[in-house]
Amino acid sequence: MPDILFTNQHTPDIQSLSCDNFDNKIKTSKIRAQKTVVLLAFSPFYCTFAANMEKIILGIDPGTNIMGYGVLKVKDNKAQLITMGIIDLRKFGDAYLKLGHIFERVTGIIDSYLPDEMAIEAPFFGKNIQSMLKLGRAQGTAIAAAIRHGVPIHEYAPLKIKMAITGQGQASKEQVAAMLQRMLNIKDSEMCDFMDATDALGAAYCHYLQMGRPESQANYRGWKDFINKNQGRICKK
């Protein structure tokens, strides 16, 4: 998110804007980063914002051995790759050292790219409770790093990410990676050897696609549940 300045003054020249140019009458709320200044002028004549708006999205694919990350820039409603890679945790034997390294590395990525939002893949619920617990801790640590920096977090199920990118909820990691490479025009030399990185990029791209599509609050367990909750939409003969 950009720095947001609330003022009842006339809108000054955008090029000369800085927080220091305004007097004590201005209420400033710093939401995120130094990329864009938005002015909301509370007068009958103005409600304007600066040009050159852009958004950085950090995608995270949680893992206990390999954690993927991908960073997208969205400008003029178009997404482009900034970077992607992995956090290699295999050299750490202690589970708590892994969590510490996750926090340190995710913090470093946030400091480097100043993301406006983070999209993270939700853990897949399997039968192995211990694996689920470890994966949940890894995800929670990455989330904690984002919270520490005031980055809004959005969680997406693996099925939703695959559906958003390939149109198939059961798509393979290879299919997701190939589709992302095609849609973002990524060169072969820029592709990561680990699918964890493209999975993370998929989470970021899924969020990019969702930004202009508000999700319905209604959730249905099946057709019977849908019918029960939408009696007014049923045509009865």
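Modeller: L114 is partly exposed, at a relative accessible area of 27%. Partly exposed lies between buried (under 20% relative accessible area) and exposed (over 50%), with a 1.4 Å probe and protein chains only.
Biologist: Where is L114 placed?
Modeller: L114 sits in the loop between α1 (95-113) and β7 (117-121). Helices (H or I, at least four residues) and strands (E, at least two) are DSSP runs, numbered from the N terminus.
Biologist: What is phi of L114?
Modeller: Phi is near 45° for L114, a positive value in a residue other than glycine. Most residues other than glycine have a negative phi.
Biologist: Ok, next loop. Where is D76 found?
Modeller: Look between β5 (66-75) and β6 (78-88), in the loop there. D76 is not a glycine, yet its phi is positive, about 55°.
Biologist: Is D76 buried or exposed?
Modeller: D76 counts as exposed, with 63% relative accessibility.
Biologist: How far can I trust this?
Modeller: This is a predicted model, where local features need pLDDT of at least 70, side-chain atom pairs count only at pLDDT 80 or more, and totals for chains, interfaces and linings use all residues. Residues are numbered from 1 along each chain as its sequence is written, and side-chain values use heavy atoms, with hydrogens and water left out.
Biologist: Zoom out. How many helices and strands are there?
Modeller: The protein has six helices and eight strands. Along the sequence the pattern is β-β-β-β-β-β-α-β-α-β-α-α-α-α.
Biologist: How many residues count as buried?
Modeller: The protein has 237 residues, and 40% of them count as buried.
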